[in-house]
Amino acid sequence: LGLNRSELSQVVAKFPPTLWLSEQNLQSKLDFLSESLNLSGPELRSIIVSYPQVLGLSLDDNLRLKVNFFSGDNFQKKKNSINCGLSRDQP
């Protein structure tokens with residue numbers, strides 16, 4: 001992932017359990033996120049530094065399901081049909 005000292009400190013400060021996740025556990029989640037969301041190295045690093053809690057999610061029971069839901073056709077169709085009923089008056 002290539003985190004510098006400052007970024008690593010931010011990750012651990014925001015999500016201390018990162019320290020006891022195995023290398024294999026971390027790598028599988030990083031690989032999944034990178035491949036499924038088509039992220040570049042810097043994009044993945046930015047997400048992990050901003051939201052390191054994602055590393056604590058179970059890959060098969062949680063993370064994979066969430067990514068598939070939000071990137072799937074069903075969500076795109078539902079997202080386009082959402083209407084909150086608010087409008088802005090134009091002068």
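**Salt bridges and a buried loop threonine**

Mentor: Glutamate 7 has a relative accessibility of 18%, so this residue counts as buried. Please bear in mind that the model is predicted.

Trainee: Which side chain meets glutamate 7 in a salt bridge?

Mentor: That partner is arginine 45, with an N to O distance of 3.7 Å. The pair links distant parts of the chain, since glutamate 7 belongs to helix α1 and arginine 45 to helix α3 (residues 41-50), 38 residues apart.

Trainee: How many salt bridges does the count come to?

Mentor: The count comes to 2. Aspartate 60 and arginine 64 also form one, where the closest N and O atoms are 3.2 Å apart.

Trainee: Where do aspartate 60 and arginine 64 sit?

Mentor: Both are in helix α4 (residues 59-71); because they are 4 residues apart there, about one helical turn separates them.

Trainee: Is aspartate 60 buried or exposed?

Mentor: Aspartate 60 is exposed, at 52% relative accessibility. Arginine 64, at 31%, counts as partly exposed.

Trainee: Changing topic, where does threonine 18 lie?

Mentor: Threonine 18 is in the loop that runs between α1 (5-14) and α2 (23-36).

Trainee: And is threonine 18 buried or exposed?

Mentor: Threonine 18 is buried, because its relative accessibility is 11% and the cut-off for buried is under 20%.

Trainee: Which residues does threonine 18 touch?

Mentor: Leaving aside residues up to four places away in sequence, threonine 18 touches Val11 and Leu55.

Terms used:
Residues numbered from 1 in each chain as written. Predicted model: local features only at pLDDT ≥ 70, side-chain atom pairs only at ≥ 80, totals over all residues. Heavy atoms only, no water. Helix = DSSP H or I, 4+ residues; strand = E, 2+ residues; numbered from the N terminus. Buried < 20%, exposed > 50% of the residue type's maximum accessible area, 1.4 Å probe, protein only. Contact = heavy atoms within 4.5 Å. Salt bridge = Lys/Arg side-chain N within 4 Å of Asp/Glu carboxyl O.
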